[in-house]
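Me: I have a chain open here and would like to talk it through before setting anything up. Could you go over it with me?

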Amino acid sequence: MQRGELGSRAQMTLFVILSLILFILVGMGMFIYNYSQSAIMEHATQQVLERRSLPPIKSYIEHCLLQSSDPAILSIANLGGTFAPSAFTWVNHTKVNQLCTMSAPGLSCENSLLTRQQIEFELAQKIEEELESCINLDAFRVQGRFITEGERHLEVKIDAQEVRVILRYPINSTIDSQTERFDEFRATMDVPLGMMLALATDITNTHIKSDDFDYVRWMLDHHDGIEIERHKPYPNIVYTLKQDGFTFRFSLGGAPSVGQYFEQPTQEYGCCM
């Protein structure tokens, strides 16, 4: 009887030990499963949050387009229509483009006006340069997008009351088996650059014909909100056109007085030669 009881107790102890081991294994398995599921969910949630933290590609690029265009337009208007003037007047350590130049006293001011197309071309080049440091699609790739890009072509159109910037830039973006295609992006700045260019042309042509422009009379006769300022840093003239915080500035080249064209006498051995 004692041997039978000992065998039963041994079997019972073995059964308890095996049950405990099985319970521990099941518990560990459930812990590992739950932990892995939590990690998967956390990773998926992080991906969703990352996707939500980035703007849509179209909004991102059009924001870059606006951010690159606005300073370039303000700058070229303040410089007289070009970033690299061949003839200029110094104004507060800034080269302001001359829309006409005078080579000698008594001669009319020679027209050196820039065409609207020339200004559009310069602006397009400047904006393209700025876009290089703004557009970066790697952040979208990190979130799992497969992106292909084509060549960029940028065009600027100056109208009377606005400047339109069109970027032709083919992009394909694929994520979760869904593909988006973009071909064109646009930005519009509400600035009267075209209207001020036309007025600057009128002022320049009037100076060429009559050697003056009655800007006070012009402001009294016109009610479009453009304010005209004129300064005369000898021998040139600088005009500043303003409307609603936007400024277009240009200069007209003058000629020194006749006396300044003769060489100053030099002294040699105490006598004038």
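This is a predicted model: local features need pLDDT of at least 70, side-chain atom pairs count only at pLDDT 80 or more; totals for chains, interfaces and linings use all residues.

Me: OK, how many helices and strands does the chain have?

Reply: There are 6 helices and 13 strands. Of the contacts between residues at least 6 apart in sequence, 57% join residues at least 24 apart. Buried residues (under 20% relative accessible area, with exposed meaning over 50% and partly exposed in between, using a 1.4 Å probe and protein chains only) make up 31% of the 273 residues.

Me: Switching to cysteines, how many disulfides are there?

Reply: Taking a disulfide as a pair of cysteine sulfur atoms within 2.5 Å, the count comes to 2. The disulfide between C64 and C134 has an S to S distance of 1.9 Å, and with -90° about the S-S bond the link of C64 and C134 is left-handed. This pair links distant parts of the chain, 70 residues apart, since C64 sits in helix α2 (residues 57–78) and C134 in the loop between α3 (116–132) and α4 (138–142).

Me: What about C100 and C109, which hand does that disulfide have?

Reply: The torsion about the S-S bond of C100 and C109 is about 95°, so that disulfide is right-handed, and its S to S distance is 2.0 Å. C100 and C109 are both buried, and both C64 and C134 are buried as well. With bonded cysteines counted along the chain, the disulfides follow the pattern 1-4, 2-3.

Me: Now the packing: which residues touch the most other members of the largest nonpolar core?

Reply: They are I61, L193 and L241, in a core of 53 residues, where a nonpolar core is a set of buried Ala, Val, Leu, Ile, Met, Phe, Trp, Tyr and Cys residues joined through side-chain atoms within 4.5 Å. Helix α2 gives the most to this core, with 9 residues. Leaving aside neighbours within four places in sequence, L193 has contacts that include I73, A77, L123, I158 and F248.

Me: Next along from there, is G194 buried or exposed?

Reply: G194, which lies in helix α5, counts as buried at 1% relative accessibility. The C-alpha atoms of G194 and A160 are 4.0 Å apart in space, although the two residues are 34 apart in sequence. Not counting residues up to four places away in sequence, G194 touches R116, I158, D159 and A160.

Me: Last topic, charges: how many salt bridges does the structure hold?

Reply: The structure holds 15, a salt bridge being a side-chain nitrogen of Lys or Arg within 4 Å of a carboxyl oxygen of Asp or Glu. One of them joins R168 and E155, whose closest N and O atoms are 2.9 Å apart; R168 lies in strand β7 and E155 in strand β6, so the pair ties together parts that are 13 residues apart in sequence.

Me: Which other residue does R168 meet in a salt bridge?

Reply: R168 also meets E184, at 3.7 Å from N to O, and because R168 is in strand β7 and E184 in strand β8, this pair ties together parts that are 16 residues apart in sequence. R168 is partly exposed, with a relative accessible area of 34%, as is E184 at 31% relative accessibility. A network of salt bridges links E155, K157, R168, E184 and R186.

Definitions and conventions:
Residues are numbered from 1 along each chain as its sequence is written. Side-chain values use heavy atoms; hydrogens and water are left out. Helices (H or I, at least four residues) and strands (E, at least two) are DSSP runs, numbered from the N terminus. Contact means heavy atoms within 4.5 Å.
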